[in-house]
Amino acid sequence: MIQHLLVIPVLLPLLAACLLLLVGDRRHRSQATLGGLALLANLGVALLLLAQAMGGTGPSAYGVYLPSNWEAPFGIVLVLDRLSAMMLVVAAVVALMAQLFSLARWDKAGAHFHVLLQIQVMGVNGAFLTGDLFNLFVFFEVMLAASYGLLLHGSGPSRVKAGLHYVTINLVASSLFLVGASMIYGVTGTLNFADLAAKIPLLAAQDRPLLHAACAVLAVAFLAKAAMWPLNAWLVPAYSSASAPAGAVFALLTKVGVYVLLRLSTLWFSPQAGDSAGFGSAWLLWGGMGTLAFGALGMLASQRPARLAGFAVIVSSGTLLAVVGLARPEVTAGALYYLPTSTFAVSAFFLIAELMERSRLSETRSRLAPEDEEDHLPFALAEQELNEDTNLDDQQEALIGRPIPAATALLGLAFIACTLLVAGLPPLSGFVGKVLMLSALLKDTGTVAWTLLTLVVLSGLFALVALSRVGMRFFWAPVNRAAPVLRVAEFLPIALLVLLCGIYTVRAETVMAYTRSTVQALYTPAGYVQAVMGARPLPTATNADRLGLPPPQAAAP
Amino acid sequence: MEIMLAIAIGALTTCGVWLLLRPRTYQVIMGLSLLSYGVNLFIFSMGRLAVDLEPVLVPGQPVTLQFNADPMPQALVLTAIVIGFAMTALFLVLLLAQRGFFGNDHVDGQGDAE
């Protein structure tokens, strides 16, 4: 059983989605229960896999599964290492929280929400586990197909418009993916990550430019997914018009792009890769810094909470891309600490943003997508009308304000926590993550390190300014406005995500030990290659002959 | 044959990209289709072009690419065709929804300024 654990993150959501389709869209309650149970089980499996990856040392830190029972370069291979185990857990947590949030009402806003969410989880999990480019393409497409559905969930003009752009851009990116992958196959004759890592150093000199061109074309597909500037113009309109639970899940999707770039750049262009060593890292570095600057300015320029959350996604992935491009183990370890916390924070922020925006709209209108052109807070600007008895300054006598309703207070607290996390202020884990990265950067006195350091600090400052401005207008401006109505199912996931970041802060040392050994394994890819290429298929009646092994004993009649 | 295929791929891709950048949704979907045809042919050509090679293994013949067609690009093309087909269908639905919401077929939902 334990050896088959590796395939469960892919199979379980797929089976759950099939079952949910059979249950049908009319029976909401059983659908929600079933979907929730599947996501809980998925989280459990992810945690077991994390424990397995954490416990192993040397070659046993890698879990390799051969679904077709053929050895590595010929058959499909699923690979688990510390990085993918960590990403699986992050994905499982975010998906579960998004599902919990959707139970309040979003899952009824359109057809098949739970099915789409399961397929989304399957695509993301598969992309983290797969060990070859072909299946990476397949899982990318599964993930994208589900994300198209989730983006359009709830319908409305701005969702359709943003969806049209999103689908077009991703279809073009998929075409580039195919071109890159097939060129790599044409040059090297293999699509397996580990096999490629072994073959790239041996390539003939005249084939190398072709390989580099292929990798560059391939990288454009991942960079569009990871939202690198200037390939990220689609992101903010799409993510900010998506429904809140969908937005929370989408915060994961950019991380898939970053994950693939980190995995492939460390595996293929390691220092052992001859002339290809470090290929493209300068592009990642400068592109990442451009993305960071773009995201920080974008945060400063936007007023609607959902748009702010969209730009927060860009800031987070810009930081990660720049660090991947820098390729310094100590900085990358800090970035891997930063990755889960920024994902949780941005997901929680998408959820909070919806609650904030909703309180000014009627129940039916808030289900429709907001028009993305109107990027302002309608409740806090020109049309706002002050109460007659509002205290504006100390000279007025009546200082008794309106009591803050509990829901507003809770939402405000969650918003402050998110602000601290996104901007990277103490005492929460956003701060720890940034300090880890910055202190590692400080050991280097080069111009590049200083530029990156300045950008990271400045982006935090910009995020703080932008978020506190919106927060003050929403929570403090005295406006005649109904207090937000919170349901337990809506507030619970936000609180859990923030709480998780709290625990994450306290356990920073354990997590850092984990990410340090992750990075150590990433930058010495020989272990990965050995583990994958050394995996032997299990002897069965049909292939025992080929493997030169005795056939397995038939079961006693 | 190589020249023919290269010209075909180039022409399909060029037309695809040009149509993709047009303002009407119908042109965009045609562009995407042409682009995916170009890409599929490209993938096919990456498995080496050959005539009269066995697509499946034949008893008594050595199993090398000298005697057999490369199955890998074919599998990749097949997957790409299936996925591309489904995505085109989805795009058509979106196109119709967009037309319903905005009453025109401009990709940004804005009619001509006349």
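**Figure 1. A:A227 sits in the loop between helix 8 and helix 9 of chain A.** This is a predicted model. The phi angle of A:A227 is near 65°. That is a positive value in a residue other than glycine. Most residues other than glycine have a negative phi. A:P230 is placed in the loop between helix 8 and helix 9 (235-241) of chain A. The peptide bond that leads from A:W229 to A:P230 is cis. Its omega is near 5°. Most peptide bonds are trans.

**Figure 2. A cis peptide bond joins two prolines, A:P426 and A:P427.** Omega is about 10° for this bond. A:P427 belongs to a loop of chain A.

**Figure 3. Helix 5 and helix 8 of chain A pack at an angle of about 30°.** Helix 5 covers residues 133-152, and helix 8 covers residues 208-225. Their axes are 13 Å apart. Angles under 35 degrees count as roughly parallel, so helix 5 and helix 8 of chain A are roughly parallel to each other. The crossing of these two helices is left-handed. From helix 5 of chain A come A:L133, A:L136, A:F140, A:M143 and A:L144. They meet A:L218, A:F222 and A:K225 in helix 8 of chain A. By class, the contact has 7 nonpolar, no polar and 1 charged residues.

**Figure 4. Helix 5 of chain A also packs with helix 6 of chain A.** Helix 6 spans residues 157-188. The two axes come within 10 Å and cross at roughly 175°. Helix 5 and helix 6 of chain A are therefore roughly antiparallel to each other. Their contact has 17 nonpolar, 4 polar and 2 charged residues.

**Figure 5. Helix 12 and helix 16 of chain A cross at roughly 170°.** Helix 12 runs over residues 305-326, and helix 16 over residues 447-475. Their axes come within 11 Å. The angle makes helix 12 of chain A roughly antiparallel to helix 16 of chain A. The crossing of helix 12 and helix 16 is left-handed. On the helix 12 side, the residues in contact are A:P305, A:L308, A:V315, A:T319, A:A322 and A:L326. On the helix 16 side, they are A:V448, A:L452, A:V456, A:S459, A:A466, A:L467 and A:V470. By class, this contact has 11 nonpolar, 2 polar and no charged residues.

**Figure 6. A salt bridge links the side chains of A:D81 and A:R263.** The N to O distance is 2.8 Å. A:D81 lies in the loop between strand 2 (78-80) and helix 3 (82-102) of chain A. A:R263 lies in helix 10 (residues 244-268) of chain A. The pair therefore ties together parts that are 182 residues apart in sequence. Over all chains, the count comes to 4 salt bridges.

Figure 7. In chain A, A:F134, A:L164 and A:Y185 lose the most area to chain B. Together they account for 23% of what that side buries. Chain A gives 27 residues to the contact, and chain B gives 29 residues. Across this interface there are 0 salt bridges.

Methods. Residues are numbered from 1 along each chain as its sequence is written. Chains are lettered from A and ligands numbered from 1 in the order in which they are written. This is a predicted model: local features need pLDDT of at least 70, side-chain atom pairs count only at pLDDT 80 or more; totals for chains, interfaces and linings use all residues. Side-chain values use heavy atoms; hydrogens and water are left out. Axes are lines fitted to C-alpha atoms, for helices over the stretch in contact, and angles run from 0 to 180 degrees between N-to-C directions. Helices (H or I, at least four residues) and strands (E, at least two) are DSSP runs, numbered from the N terminus. Angles under 35 degrees count as roughly parallel, over 145 as roughly antiparallel, 65 to 115 as roughly perpendicular and the rest as oblique. A crossing is left-handed if the near helix is turned anticlockwise from the far one by less than a right angle, and right-handed if clockwise. Contact means heavy atoms within 4.5 Å. Ala, Val, Leu, Ile, Met, Phe, Trp, Tyr, Cys and Pro count as nonpolar, Asp, Glu, Lys and Arg as charged, and the others, Gly among them, as polar. Buried area is the accessible area (1.4 Å probe) that two parts lose on being put together, summed over both.
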